[in-house]
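Dear colleague,

Please find the structure below, together with its sequence.

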Amino acid sequence: MKYTVLIVDDEEPARDLLVSYARKIEELEVLPPMSNAMDARKVINEQSVDILLTDIQMDDLTGIDLIKTLKQPPITIFTTAYSEYALEGFELDIADYLVKPISFQRFYKAINKTIELIQFKTSNTTTPPPKVDSLPSSPKADYFFVKTNRKMVKTVYADILFVESYGEYVKIHTKDDLILALQTTQFMEQLLPEEDFVRIHRSYIVNLNHIQEIDGPTLIVEQHRLTISKRMRDGFMKRVQQKGII
């Protein structure tokens, strides 16, 4: 299967480099590259684009503004020379963020990740997640089943380290596995046992039983370093005190 990719960058050398990279990957069908976001927006609205690779800093309309103006943006990879835009890109639920200069190895990794996300989304379009208001107030068992990669996987609550927001999906990090599921973070927050799990960031729900270290705004869970948001820090500290962790 071929995936259409649109490359947008106002610098010709950058466009040419990404086009040359994309043409090396047989799964990609490379559309004519665009030098500005306005032309790219027109292409996206007129034809099917599976993957969008766009620079952020461009004249007239930035890559971030482009995404915000689209009702249904393609799965997007940001490319930029400025790493300070990474947080805003993450909040837009992009697939990846590439900082220039971009190596082919890093580009290839981002494309593979994006294709996997497209495939996962396609395989789950016929099975929408349950409505939040239909959830029980607390789980009756010590596990639940989650659909991933066309199969149902039994997931034990106690084995979950943390849940990470990933666009329309969540990554469920367990002791031995990483599960990509078509669910929302809000859904997971209501599903997980309140006595053991706490939201520490708009993108993270953590199992209190696996916390190893609290270092200011940083939380260590196994080998993972997670950020505690300022808005949620007071609530988090109250929960760990109630849990007897500190």
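Strand 13 (residues 211–215) and strand 14 (residues 218–221) run antiparallel and are joined by 4 bridges. Two strands are said to pair if DSSP finds at least two bridges between them. Helices (H or I, at least four residues) and strands (E, at least two) are DSSP runs, numbered from the N terminus. Please note that this is a predicted model, in which local features need pLDDT of at least 70 and side-chain atom pairs count only at pLDDT 80 or more, while totals for chains, interfaces and linings use all residues. Residues are numbered from 1 along each chain as its sequence is written, and side-chain values use heavy atoms, with hydrogens and water left out.

Buried means under 20% relative accessible area, exposed over 50%, and partly exposed in between (1.4 Å probe, protein chains only). In a regular strand the side chains alternate between the two faces of the sheet.

**Helix 1**

Helix 1 covers residues 12–23, and its 12 residues should span 16 Å at 1.5 Å a residue. The expected span of a helix is 1.5 Å times one less than its number of residues. The end C-alpha atoms of helix 1 are 16 Å apart, which agrees.

The buried residues of helix 1 are Ala14, Arg15, Leu18, Val19, Tyr21 and Ala22. Seen down the helix axis, they fall within an arc of 160 degrees, so they line one face of the helix. The arc is that of the directions from the helix axis to the C-beta atoms. The face turned away from this buried side carries the exposed residues Pro13 and Arg23.

**Salt bridges**

A salt bridge is a side-chain nitrogen of Lys or Arg within 4 Å of a carboxyl oxygen of Asp or Glu. How many salt bridges does this rule give? The count comes to 6.

One of them joins the side chains of Asp55 and Lys100 (3.6 Å, N to O). This pair links distant parts of the chain, 45 residues apart: Asp55 is in strand 3 (residues 51–55), and Lys100 is in the loop between strand 5 (96–99) and helix 5 (104–123). Asp55 counts as buried at 5% relative accessibility, whereas Lys100 counts as partly exposed at 23%. Asp55 and Lys100 also belong with Asp9 to a network of salt bridges.

Asp96 forms a salt bridge with Arg106, and their closest N and O atoms are 2.8 Å apart. Asp96 lies in strand 5 and Arg106 in helix 5, so the pair ties together parts that are 10 residues apart in sequence. Asp96 is buried, with a relative accessible area of 10%, and Arg106 is partly exposed, with 30%.

The side chains of Lys243 and Asp196 also meet in a salt bridge (2.6 Å, N to O). Lys243 is in helix 7 and Asp196 in the loop between helix 6 (185–191) and strand 11 (197–201), 47 residues apart. Lys243 counts as partly exposed, at 32% relative accessibility.

**One further residue of helix 7**

Arg233 lies in helix 7 (residues 230–243) and is partly exposed, with a relative accessible area of 29%. Arg233 and His201 are 32 residues apart in sequence and 8.6 Å apart in space, C-alpha to C-alpha.

With kind regards
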